[in-house]
Amino acid sequence: MPITSHHFKSVPVAIPIRLALASAIAVGIKIYLRRKRSSQRNGTDTKSYENLIGETPLVYLEKLSALLGDGKNIFVKMESMNPGGTGKDRAALFMLLDAEVKGLLPAATFKVHCADKNSFTAENGIRYNTVSTQESTDLSEQDRIQSIINVAIQRSQTGGIVVEGTSGSTGISLATLAARRGHSTIIVMPDDQSEEKQNILRCLGAVLYVVPTAAISNPNHYVNVARQITDKINRLRGTTDSNRKIKAAFMNQFENESNYMAHLTTTGPEIWRQTNCKVNAFYMSSGTGGTISGAGQYLKDKCQSFHQECKIVLIDPPGSSLFNKVKYNVAFAAEQKERVLRRHRYDTIAEGIGLDRVTRNFALGYNNEIFDDAIRVSDQEAVDMAHWLLKEEGLFVGSSSAMNVYGAAFHAKSSMDPGSCVVTVICDGGQRHLTRFWNKEFIKSRGLHWPEDDHDAWKTRLSNIF
């Protein structure tokens, strides 16, 4: 079912929302919907890409539920079935609409555009020529950044450039939506993500800039580099040769409250309806924190208004500090203590989840005390669950999804009452993880076991939940 206006209405009064948080976003979305309804009445628009976002299925895991016993039912919200292949479509749409309404990006254009110009000229006299985006060892860091800016300016139909630091999935959603709306996209991502994500971004027309993995305190962290690129573009105050002003907007998904609002007003209500108003627990890992805080806040408040209990449980990978933040109010993990510098931010193969800091979106849920518990899931447990889901439930999932399901099953088995209805999320499909999470050589290189090599050992490792 495509998204309709009811997905974007204000959350019912029972849910406490600060007016200052909701007002700017709500205004932008109302304007967008008004335009959409007008175009539909005029017969100029039917089902656009934006309309396909949301209303993803809630799938019952029959075999897993049977193994849990006691009438416990586990469901997965199939966010991988959004058009961009991930629930990040929701946050990306909300962030883009908000940026357009606030004037951080030019208004979207839906006209067919055939680029026939080779360059653009800025107000300060700089001429932006078309250049290759391939990195060259002959170019300095600043020259490479200028190179990607040049290409992004040429590709933009509106003069708007969407910039984001991402591990991949949000970038894919932003690149697709931005192209649809006439903006170009610059994506900065760390070098420890799968090649599939990088290739998809390039195919979508995003200008990709890959940087070494670093801590958030490092100015070369991918989020910090994205912010620097945005500032550099906006300092140029350029215009295109069509007299369109160049505007760059840093989406800042970790701190942008539009992310939280997307899940508070769409994901949460969908789960509530799809479970017939009965959710006893919601399990979710945290990347930006938008999904678990937004959807968790809605479900927690909605259940309370019906005098029901809904536990919100964080699923966290090794090395992330969020587990200790929820359990002990201390944002620290043992893997973060001083030691020999390692390539990876955490001792985990999971992509897109786990952090060494508390983001604004995560804090919105934490400060409202929605979290009831946290579960640490190991890389081996995620690998084992992913292979079990493929073999038994027919679901081909990525690393974060496998962690979500394992954590949900483990907690539901040990801590939930008989007859409980619990929900977690399939974030994306295994197709984006072929070179890492679904690569036998890579898994074994990280000291992990490949399940099919020893079925008895695999079965023994899963005995904690079966």
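Helices here are DSSP runs of H or I with at least four residues, strands are runs of E with at least two, and both are numbered from the N terminus. Just after one of them, helix α6, Gly 205 takes a positive phi of about 90 degrees. I'll come back to that region.

Ground rules, quickly. This is a predicted model, where local features need pLDDT of at least 70, side-chain atom pairs count only at pLDDT 80 or more, and totals for chains, interfaces and linings use all residues. Residues are numbered from 1 along each chain as its sequence is written, and side-chain values use heavy atoms, with hydrogens and water left out.

Back to α6, residues 195-203. Which residues of α6 are buried? Glu 196, Lys 197, Gln 198 and Leu 201. Buried means under 20% relative accessible area, exposed means over 50%, and partly exposed is in between, with a 1.4 Å probe and protein chains only. The cover over those α6 residues includes α5, β6 (184-190) and β7 (207-211). Cover is a matter of contact, meaning heavy atoms within 4.5 Å.

Now α5 itself. Thr 176 sits in this helix. Thr 176 is buried, at 17% relative accessible area. Leaving aside residues up to four places away in sequence, Thr 176 touches Tyr 49 and Leu 204.

Helix α5 (residues 169-181) also packs against α3 (residues 88-101), at an angle of about 50 degrees and with the axes 8 Å apart. Axes are lines fitted to C-alpha atoms, for helices over the stretch in contact, and angles run from 0 to 180 degrees between N-to-C directions. So α3 and α5 are oblique to each other. The cut-offs: under 35 degrees is roughly parallel, over 145 roughly antiparallel, 65 to 115 roughly perpendicular, and the rest oblique. On the α3 side, the contact residues include Leu 93, Leu 96 and Leu 97. On the α5 side, they include Leu 174, Leu 177 and Arg 181.

Next, aromatics. How many aromatic pairs does a search of the whole structure find? Eight. Rings of Phe, Tyr and Trp (its six-membered ring) pair if their centres lie within 6.5 Å; planes under 30 degrees apart are stacked, over 60 edge-to-face, and the rest tilted. Take Phe 362 and Phe 371: centres 4.8 Å apart, planes at 20 degrees, so this pair is stacked. Phe 362 is buried at 1%, and Phe 371 is buried at 13%. Another stacked pair is Tyr 406 with Phe 410, 6.5 Å centre to centre and 10 degrees between the planes. These two are four residues apart in helix α13 (residues 399-415), so about one helical turn separates them. Tyr 406 is buried at 2%, whereas Phe 410 is partly exposed at 33%. Ring pairs also link Phe 362, Tyr 366 and Phe 371 into a cluster.

Arg 357 lies over the face of Phe 254, 4.8 Å from the ring centre. The test asks for NZ of Lys or CZ of Arg within 6 Å of the ring centre and within 35 degrees of the ring normal.

Last, backbone. Most residues other than glycine have a negative phi. Asn 276 is not a glycine, yet has a positive phi of about 55 degrees. Asn 276 sits in the loop between α8 (257-274) and β9 (281-285), and is exposed at 67%. Glu 369 is also not a glycine, with a positive phi of about 60 degrees. Its loop runs between α11 (360-367) and β11 (373-376), and Glu 369 is exposed at 69%.
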